[in-house]
Amino acid sequence: MEFSSKLLEKAVNEMSQLPGIGKRTALRLVLHLLKQPKEQTQLLASALTQLREDIRFCSRCHNISDEEICYICSNPAREQSVVCVVEDIRDVMALENTGLYKGLYHVLGGKISPIDGVGPSQLNIPSLVEKVKSGAVKEIIFALSSTMEGDTTNFYIYRQIKDCDVIVSAIARGIAIGDELEYADEVTLGRSILHRIPFENAIKNS
């Protein structure tokens, strides 16, 4: 792709680093921004800069937050002793959109995947295990995607906490095997967490 401007080429190259954005789409987006009033582009740039510089992660659940403790963890109306384990922030948003789950979350930040070089030490697993061992948690709900990596991660965590006095359940398999949680419709996702099953049963049925 030939560019008449080095500035345009640089902007397109940076835009094309985003997931699902190829060079042609990046070019279309950059040209669109150039057609907009300069103030609008500056607002976008400012919002992205502020996001990158000021965003925080909840010290309790690792969810994205504006404060040290996110609004979910700090909400006294939430069931503090029930923790739903998810892969990333998008899964928190998907479950919250169901309006059916009233407990807390724990965001792992990924799944165990040796082929991708992701091991347990690179995820937020130790803080979850510590949370369970402290006795503050009465139930852990595994809500990772129904993939080999998700099941491996579930089983790894289960082995760390199986001797603790905690109920370990998994969302019902209303989610198709191999599906990502964020793409499930809200009704299916809501029902799957309401009708969760003991994790031991999930292992036997795998």
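Surface patches were assembled from residues with over 30% relative accessible area and no salt bridge, like charges being joined within 9 Å and nonpolar side chains (Val, Leu, Ile, Met, Phe, Trp, Tyr) within 5 Å. A salt bridge was taken as a side-chain nitrogen of Lys or Arg within 4 Å of a carboxyl oxygen of Asp or Glu. The structure is a predicted model, in which local features need pLDDT of at least 70 and side-chain atom pairs count only at pLDDT 80 or more, whereas totals for chains, interfaces and linings use all residues. Residues are numbered from 1 along each chain as its sequence is written, and side-chain values use heavy atoms, with hydrogens and water left out.

The protein chain contains eight helices and seven strands, assigned as DSSP runs (helices H or I, at least four residues; strands E, at least two) and numbered from the N terminus. Of its 206 residues, 37% are buried, where buried denotes under 20% relative accessible area, exposed over 50%, and partly exposed the range in between (1.4 Å probe, protein chains only). Among contacts (heavy atoms within 4.5 Å) between residues at least 6 apart in sequence, 56% join residues at least 24 apart. The chain exposes about 12,700 Å², of which carbon and sulfur atoms supply 54%; areas were computed by the Shrake-Rupley method with a 1.4 Å probe, and for residues only the protein chains shown count as cover.

Leu-44, Leu-48 and Leu-51 make a nonpolar patch of about 280 Å². Leu-44 belongs to helix α3 (residues 38-54) and is classed as partly exposed because its relative accessible area is 40%. A patch of negative charge is formed on the surface by Glu-53, Asp-54, Asp-66 and Glu-67; Asp and Glu count as negative, Lys and Arg as positive, and His and the chain ends are not counted. Each charge is placed at NZ of Lys, CZ of Arg, CG of Asp or CD of Glu. Asp-66 is situated in the loop between β2 (64-65) and β3 (79-86), and its relative accessibility of 62% places it in the exposed class.

His-62, in the loop between β1 (56-57) and β2, has a positive phi of about 70° although it is not a glycine. Most residues other than glycine have a negative phi. His-62 counts as buried, at 18% relative accessibility. Ile-125 is located in the loop between β4 (103-107) and α5 (126-133) and counts as buried at 3% relative accessibility. Beyond its neighbours within four places in sequence, Ile-125 contacts Leu-108, Ile-112, Pro-120, Tyr-156 and Ile-157.
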